[in-house]
Amino acid sequence: MAVDITYEIRFRTARSGGKGGQNVNKVETMAEGIFDINSSALLTDRQKDIVREKLRTRINREGKLHVRSQAGRTQLENKERVTDRMNDLINEALKPEKPRKPTKPTRASREKRLLEKKIASEKKEGRRRKW
């Protein structure tokens, strides 16, 4: 179940840094998307908790997710990149984790480990001084 948060993203623009010649000082091509998780109508309370937990390093104290892009040459291109990245982040966070199936070491791997221990022990035994 994919969630599309496109309509709840607020955008802010600024001048991009880096190369670009004369154009870089005139045009606001950098786009920053801000998604307020707490006031989202698309996410349930449970989903909000999951997103806050899994994306805690990307969310500020007010509960807002910030994503910025200045890789594109136009503001529209950067807004699309921000939207795609935010949707990917939210959907990845909401993907259920697969439960781990506990396994046991195979007989061959146990025997290999014991053989390697024996070889290492004999190697160290050979390094000892004989009185």
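This report describes the sheet and the helix packing of a predicted model.

## Basis

Local features are reported at pLDDT of at least 70 and side-chain atom pairs only at pLDDT 80 or more, while totals for chains, interfaces and linings use all residues. Residues are numbered from 1 along each chain as its sequence is written, and side-chain values use heavy atoms, with hydrogens and water left out.

## Sheet

The 3 strands form an open antiparallel sheet in the order E1-E2-E3. E1 and E3 are the edge strands, each pairing on one side only. Direction ignored, neighbouring strands are turned by 20 degrees against each other on average. Two strands count as paired if DSSP finds at least two bridges between them.

Strand E1 (residues 9–14) is joined to E2 by 6 bridges and runs antiparallel to E2. E2 also pairs with strand E3 (residues 64–69) over 6 bridges, again in the antiparallel sense. Glu 32 of E2 is the bridge partner of Arg 12, and Glu 32 also stands opposite Arg 68 in E3. Ile 34 stands opposite His 66 in E3. In strand E2 (residues 30–36), 6 of the 7 residues are buried, so E2 is largely enclosed by the rest of the structure. Buried means under 20% relative accessible area, exposed over 50%, and partly exposed in between, with a 1.4 Å probe and protein chains only.

## Helix packing

Helices are DSSP runs of H or I with at least four residues. The axes of helix H1 (residues 45–54) and helix H2 (residues 75–94) come within 9 Å and cross at roughly 105 degrees. H1 is therefore roughly perpendicular to H2 (65 to 115 degrees; under 35 is roughly parallel, over 145 roughly antiparallel, the rest oblique). Axes are lines fitted to C-alpha atoms, for helices over the stretch in contact, and angles run from 0 to 180 degrees between N-to-C directions.

The contact (heavy atoms within 4.5 Å) is made by Gln 47, Ile 50, Val 51 and Lys 54 of H1 and by Ile 90, Ala 93 and Leu 94 of H2. By class, the contact has 5 nonpolar, 1 polar and 1 charged residues. H2 also lies across E1, E2 and E3, running at about 140 degrees to E3.

Gln 47, Lys 48 and Val 51 of H1 are buried. These residues cover an arc of only 100 degrees around the axis, which puts them on the same side of H1; the arc is that of the directions from the helix axis to the C-beta atoms. H2 is included in what covers the buried residues of H1. Asp 45 and Arg 46, on the other side of H1, are exposed.

Definitions and conventions: Helix = DSSP H or I, 4+ residues; strand = E, 2+ residues; numbered from the N terminus. Nonpolar A, V, L, I, M, F, W, Y, C, P; charged D, E, K, R; others polar.
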